[in-house]
Amino acid sequence: MDTLTLKLRGMSCASCANNIDQAIRLIPGVIDCNVNFAAEQATINYDRTRTNLKIIQSAIDAAGYSSYQVSEDILTGEDDTHTAIKLAAEQEISRKVIVAGVIAIIIFVGSIPMMTGLNFWFIPEFLHNYWVQLLLTTPVQFWCGWGFYVNGWKALKHHTATMDTLMAVGTSAAYLYSLFVTLFSGFFTAQGIIPHVYYEVSVTVIALILLGRLLEHRARGKTSEAIHKLMGLQPRNARVIRGGVEMDISITEVEINDVIVVRPGEKIPVDGEVITGISTVDESMVTGESLPVQKQPGDEVIGATINKTGSFQFRATRVGKDTFLAQIVKLVQQAQGSKAPIQRLADQVTGWFVPAVIAIAIATFVMWFNFMGNFTLAIMTTVGVLIIACPCALGLATPTSIMVGTGKGAENGILIKDAQSLELAHKITTIVLDKTGTLTQGNPTVTDFVCVKGTANHNELQLLQLAAAVERNSEHPLADAVVKYAQSQEASLIECNDFAAVPGSGVQGVVSDRLVQIGTERWLTELGINNHSLQEYKQVWEAGGKTVILIAVDGVLEGVMGIADALKPSSAAAVKILQKLRLEVVMLTGDNSKTAEAIAQEVGIQRVFAEVRPDQKAAIIQSLQSDGKSKIVAMVGDGINDAPALARADVGIAIGTGTDVAIAASDITLISGDLQGIVTAIQLSRATIGNIRQNLFFAFIYNIIGIPVAAGILFPFFGWLLNPILAGAAMALSSVSVVTNALRLRKFKPKIISGGVQ
Ligand SMILES: Nc1ncnc2c1ncn2[C@@H]1O[C@H](COP(=O)(O)OP(=O)(O)OP(=O)(O)O)[C@@H](O)[C@H]1O
Ligand SMILES: [Cu+]
Ligand SMILES: [Mg+2]
């Protein structure tokens, strides 16, 4: 399955998004599709063997819209063209708003003497002439309002209707009625009716709707501010050393393995590994971690972060669209384009909204004309209904908040992969934390080493050499610790053959013709290896929260090692806060239960699942999910062994400093690995969902109150009718208020809850 993101052009409201969605879904080979009105983009999952970009694009064209592909490289300036197109569109709308606005004012002023019965010397009488008004209105109707006809027609060709249909029909009705009065005023006077024109209705409504669109456009631009901020972090140039010469080159020319020089205060251009020099780097813009990070040779640096104190040189490891920053931008864009489950309701409503409104409009007309016999009121109420009933606020309610929310997440070092996880996060009831690398720093170090045969004859060193030879082949953090320890003891390197890793248990290999097996006590017991000696060491170390591994050579236990991995400074406090939020916090680890208990006690976790094999982690998540009603389980982990559990959990949260596999399997990534990020993610989810609810309220309330009032439901009781001009104003206001409310989310700041008394 392939995924494709296309930027869309030509949508005017949520019904347009629905139409495009349907058009794409009809293509054979398209598996899933998601059109986002606020982000103006479509994300399409398709089968490469059955369809392709061209077919999809022509289907969008055929539906009456256009599309273009977003470049994956954030630096190619592709986004600039998008901005330019948007700007041009905005300028055109502004021109139309000005023309329609000025003409509306002229017509209004012209009718003041008529309405008030007073004469003003500065208001020429001819302004009230029907023919003059016709002359003024016609360009507004057909130039400013042309877009309504074009889009309405496009929709009609596909047997659908959008807000443009409503606008085209509504304003045309007012215009044509007035035109009829202008041409045949005698017809009305003959029947004893004083003829009246309603040119100002169509002019003002067009002006208001376009003004609303303009404001909405501008405000919507701000919802993707976070992405632009992220993109803006990318420096333009890099200073590389090529052929012994230092030179400034454009960032797009930097290649992998280039050596790059960074001075104090400069931005690090791409991702890489330090080769010489020591410094501290401010990574807050990418990881959300406010404290500067020490860097020395061998450490990784992230592009777009700022070098503080020293100078250093590093080797580029990832450039272009592969850099960490580019990946973040891509993920955030995808998340912003995804659909939250809460939107389903709004989607369902928009689906039948326009046809329903047209039906209500017809019914209104029939009521007023056939039963009341009032043609003028019939026209005006119908126009009012058509104009106030617009689904665009409904279509904007969810996606605008999601855009701001996910962007806010990225700003705080929390990468949210899709809207669904953002929505779910505030409902989490249970948090499962992996031990190694999640609660602990994941930099295990060997602290104790004891050999069965004692230290005589360099037994220790020999055994260490055997162990390191095997562990060199393993990617496990514990293996790393063993290898580092061996290096510090100056153990020499030997070859290892027939290496095999048993996940969750240990590793083995043949070194100098001897079978070396390293792993858990349970595994060695399974292998039939007697491991009774050295128990006293093992127990003491485990009680101290250390991981103990056993080393056997040719089936005989030869030594034990105690490996310590310090807790992250944030762990205990984060656990406390989560518990304060009434979440059940659970620890899940592959490590020995005594070690696990010791660590759990240190951070304040009561429920522990230890000695869980990697393949069982997902099963435990599942059992927690079915443990009582409405359990929403989040899993936080870093390792490859956590991936199935992360995928299984309702919300999988990966530690950004962990493995790529874990990050890929998760829904949310805490870039810096600080567990406080879980709390922030939950708070952000709460804030976003609250904001969406307010938006949906705004969007629905206008229509629920507006449509019946416009249809004249209050007329029999109070004699109230909704002037079509007011309807236009209300409609424009509804989308503006929704977007403005979504923008309030930009003020979101993680609330610091202290671990102590609240
Ligand atoms: N390469 C290895 N060398 C030595 N022991 C290993 C190795 N791999 C696994 N083990 C043993 O298997 C146990 C379980 O490993 P596993 O990877 O499932 O969990 P973990 O990393 O200890 O903990 P967590 O599940 O909290 O991340 C380890 O505690 C260790 O004793
Ligand atoms: Cu609209
Ligand atoms: Mg782990």
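Some conventions come before the structure. Because this is a predicted model, local features need pLDDT of at least 70 and side-chain atom pairs count only at pLDDT 80 or more, while totals for chains, interfaces and linings use all residues; side-chain values use heavy atoms, with hydrogens and water left out. Residues are numbered from 1 along each chain as its sequence is written, and chains are lettered from A and ligands numbered from 1 in the order in which they are written.

Let me begin with the chain as a whole. Its secondary structure comes to 28 helices and 26 strands; helices (H or I, at least four residues) and strands (E, at least two) are DSSP runs, numbered from the N terminus. The C-alpha trace spans about 125 × 65 × 55 Å along its principal axes. Of the 758 residues, 53% are buried, where buried means under 20% relative accessible area, exposed over 50%, and partly exposed in between (1.4 Å probe, protein chains only). The chain exposes about 33,400 Å², and carbon and sulfur atoms supply 58% of that area; accessible areas come from the Shrake-Rupley method with a 1.4 Å probe, and for residues only the protein chains shown count as cover. Among contacts between residues at least 6 apart in sequence, 69% join residues at least 24 apart, a contact being heavy atoms within 4.5 Å.

I turn now to the annotated segments. In an unreviewed entry, UniProt gives "domain: HMA" for residues 2–68. That span is 33% helix and 36% strand, and its end C-alpha atoms lie 17 Å apart. UniProt, again in an unreviewed entry, places "transmembrane region" at several spans, including 165–190, 349–369, 696–719 and 725–743. These positions are given in the numbering used here, feature names are shortened, and annotations may be inferred rather than shown by experiment. In the model, residues 165–190 are 96% helix and 0% strand, with end C-alpha atoms 35 Å apart. Residues 725–743 are 100% helix and 0% strand, and there the ends lie 27 Å apart. V354 belongs to helix α12 (residues 343–371) and is buried at 1% relative accessibility. V354 and I704 are separated by 350 residues in sequence, yet by 14 Å in space, C-alpha to C-alpha.

Next, the ligand. Which residues are closest to ligand 1? They are D434, E471, H476, T589 and K617, within a shell of 21 residues; a residue counts as near if one of its heavy atoms lies within 4 Å of the molecule. Helices α16 and α18 (477–488) and strands β18 (506–511) and β20 each supply at least two residues of that shell. For polar contacts the criterion is a pair of N or O atoms within 3.5 Å; within protein, one must be able to donate a hydrogen and the other to accept it, and residues adjacent in sequence count only if both atoms are side-chain atoms. A polar side-chain atom of E471 lies 2.6 Å from a nitrogen atom of the ligand. Oxygen atoms of ligand 1 lie 3.3 Å from a polar side-chain atom of D591 and 3.1 Å from one of N641. Taken alone, ligand 1 exposes 600 Å², of which the protein buries 96%.

Helix α22 (residues 593–603) is my next element, and its buried residues are T595, A596, A598, I599, A600 and V603. Their cover includes α16 (435–439), α20 (535–543), β20 (547–553), α21 (571–580), β22 (584–588) and β23 (607–609). At the start of α22, a side-chain oxygen of N592 reaches to within 2.7 Å of the backbone nitrogen of K594. After the helix comes G604, with a positive phi near 90°.

Positive phi also occurs outside glycine. D498, in strand β17 (residues 497–502), has phi near 50° and is exposed, at 62% relative accessible area. S512, in the loop between β18 and β19 (514–519), has phi near 45°.

Finally, the cysteines. How many disulfides are there? The count is zero, a disulfide being a pair of cysteine sulfur atoms within 2.5 Å. The sulfur of C496 is too far for a bond, because the closest cysteine sulfur, in C451, is 18 Å away. Both residues are buried, C451 at 7% relative accessibility and C496 at 12%.
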